[in-house]
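These are my notebook entries on a structure that I had not examined before. I set down what I looked up, in the order in which I looked.

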Amino acid sequence: MKIGLAYDLKEAALFTPGCPEDALEEYDSPETVEAIATALETSGHSVVKLGGGREFIANILQNNIAFVFNISEGMGNHRSREAQVPAILEMLDIPYSGSDPQCLAICLDKPLTKRLVTATGIRTPRWQLVTDYRQLKEISLDGFPLPAFAKPAYEGSSKGIRLGSRAETVAQIAEVAAALLEHYKQPVMIEEFIAGDEVTVSVLGNSPAKVLGIMRVIAKKRSASFVYSLEVKREWEQLVDYECPALLETNILDEIAGSSLEIFKILGCRDFARLDFKLSPEGVPYFLEINPLAGLNPKSSDLVIMAYKLGWTYQALISAILNAALQRYPQCVKG
Ligand SMILES: Nc1ncnc2c1ncn2[C@@H]1O[C@H](COP(=O)(O)OP(=O)(O)O)[C@@H](O)[C@H]1O
Ligand SMILES: [Mg+2]
């Protein structure tokens, strides 16, 4: 089959002066694009690299593409940017991998996702949304549980998340939130800081979706104030160990797995996703966020590291995502 690959490269994106230095963090490297292309070709497909943005639009109109493998993050800092490419593909009636525009748009909006998830009774850290400076000055954070954590409402890849995102006092919360409002030009979410283990979960497939694995992210220098921040994600080889399967009690693992599948379902995710949880020091899981467009870098992405630790090859992982997607489109697989 002729498969188009939709992606946004760091080097193709424009770095606008005045933007935060992590502005391009979510975009992909040529290494990821090459690895996916090779995996698809090894499965017998021909691959057309479509790129992103205007280049993607030109390429998708010019080539006769049967199916798109989508890892595009989208343009701008709009909360629905991940929906851009799938929306164009739906308009052109071209099948594609991964979740649909509505799911992608919801999941990049952390507070909206949390509202939907809490409606099912799944635990998530207490939070307060601050939409602008004026509101930040007016709201009272007295009584908000401390320490707290402040993060941009519509980002991923730990953009805007540093070791200093954790605040010990109400004055510090206001300071961190004000800086985020200024630099990231979007609402800021203030959350109760959950101080125990960090866990990430991969889900694969549809009807039924299954948990591929649960991985614990362990700081080499153990600390209750650990944050899987931008600094840590950039230097992961020096700073963290990954434990998969996670060596946690069975009842905790069962709750995390059950919640993950329910969240995947209620948000309408498809094919694959990765979810982040923090555990309280007593081992109670709190849902942080879900990534329906989880990174697929062959070396550094958590989902891929998890798959390797469970004995998968990169090729097998990409094929599993592709096959999950193709099963949704019987017209692509017949004959
Ligand atoms: N409420 C919280 N309590 C403790 N740590 C948090 C909290 N929210 C985020 N973090 C830390 O910040 C990291 C990144 O936050 P996350 O919400 O997953 O954003 P991103 O979309 O950038 O991955 C988490 O993996 C975790 O280490
Ligand atoms: Mg995360």
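**Entry 1. A pair of charged side chains**

Which side chain meets that of Glu 26 in a salt bridge at 3.0 Å, N to O? I looked this up and found Arg 81. I note at the outset that the model is a predicted one.

I then asked where the two partners sit. Glu 26 belongs to the loop between strand 1 and helix 1, and Arg 81 to the loop between strand 3 and helix 3, so their pairing ties together parts 55 residues apart in sequence. I checked the exposure of both: Glu 26 is buried, and Arg 81 is buried as well. For Glu 26 the relative accessibility is 6%, and a residue counts as buried under 20%.

**Entry 2. Another partner of Glu 26**

I found that Glu 26 also forms a salt bridge with Lys 159, with 3.6 Å between the closest N and O atoms. Lys 159 is in the loop between strand 5 (148–152) and strand 6 (166–167), while Glu 26 is in the loop between strand 1 and helix 1, so this pair ties together parts 133 residues apart in sequence. Lys 159 has a relative accessible area of 7% and is therefore buried.

**Entry 3. Domains 1 and 2**

I next looked up the division of the chain. It consists of domain 1 (2–97), domain 2 (126–192) and domain 3 (195–327). Taken over C-alpha atoms, the centres of domain 1 and domain 2 are 31 Å apart. Nine residues of domain 1 and 11 residues of domain 2 take part in the contact.

How much area is buried between domain 1 and domain 2? I recorded about 820 Å², with carbon and sulfur atoms giving 43% of this area. On the domain 1 side, Pro 20, Asp 22 and Asn 77 lose the most area to domain 2, and together they account for 48% of what that side buries. I counted the polar links as well: there are four salt bridges between domain 1 and domain 2, and nine residue pairs are in polar contact across their interface.

**Entry 4. Salt bridges in the whole structure**

The structure as a whole holds 22 salt bridges. I examined one that joins the side chains of Lys 49 and Glu 34, at 2.8 Å from N to O. Lys 49 is in strand 2 and Glu 34 in helix 1, 15 residues apart. Are these two residues buried or partly exposed? Lys 49 has 37% relative accessibility and so counts as partly exposed. Glu 34, at 41% relative accessible area, is partly exposed. I also noted one network, in which salt bridges with shared partners join Glu 21, Asp 22, Glu 25, Arg 162 and Arg 234.

**Entry 5. The nonpolar cores**

I turned to the nonpolar residues. The largest nonpolar core has 42 residues, and Ile 36, Val 68, Phe 69 and Leu 296 have the most contacts inside it. Among the elements that give two or more residues to this core are strand 1 (2–6), helix 1 (30–42), strand 2 (46–51) and helix 12 (314–327). Helix 12 gives the most, with seven residues. At least three residues come from each of domain 1 (2–97) and domain 3 (195–327).

What does Ile 36 touch, apart from residues up to four places away in sequence? I listed Leu 5, Phe 69, Ile 71, Leu 296, Tyr 314 and Ile 318. A second, separate core has 26 residues, including Ala 209, Ala 257, Ile 263 and Leu 275.

Thr 200 is located in strand 8 (residues 198–204). Its relative accessibility is 2%, so Thr 200 counts as buried. The side chain of Thr 200 comes to 3.2 Å from the backbone oxygen of Leu 275. Beyond its neighbours within four places in sequence, the contacts of Thr 200 include Gly 213, Met 215, Arg 274, Leu 275, Asp 302 and Met 306.

Leu 112 belongs to helix 5 (residues 110–118). I found Leu 112 partly exposed, at 29% relative accessible area.

Note on methods. Residues numbered from 1 in each chain as written. Chains lettered and ligands numbered in written order. Predicted model: local features only at pLDDT ≥ 70, side-chain atom pairs only at ≥ 80, totals over all residues. Heavy atoms only, no water. Core = buried A, V, L, I, M, F, W, Y, C linked by side-chain atoms within 4.5 Å. Buried < 20%, exposed > 50% of the residue type's maximum accessible area, 1.4 Å probe, protein only. Helix = DSSP H or I, 4+ residues; strand = E, 2+ residues; numbered from the N terminus. Domains from an automatic or database assignment. Contact = heavy atoms within 4.5 Å. Buried area = accessible area lost by both parts, 1.4 Å probe. Polar contact = N/O pair within 3.5 Å; in protein donor to acceptor, adjacent residues only side chain to side chain.
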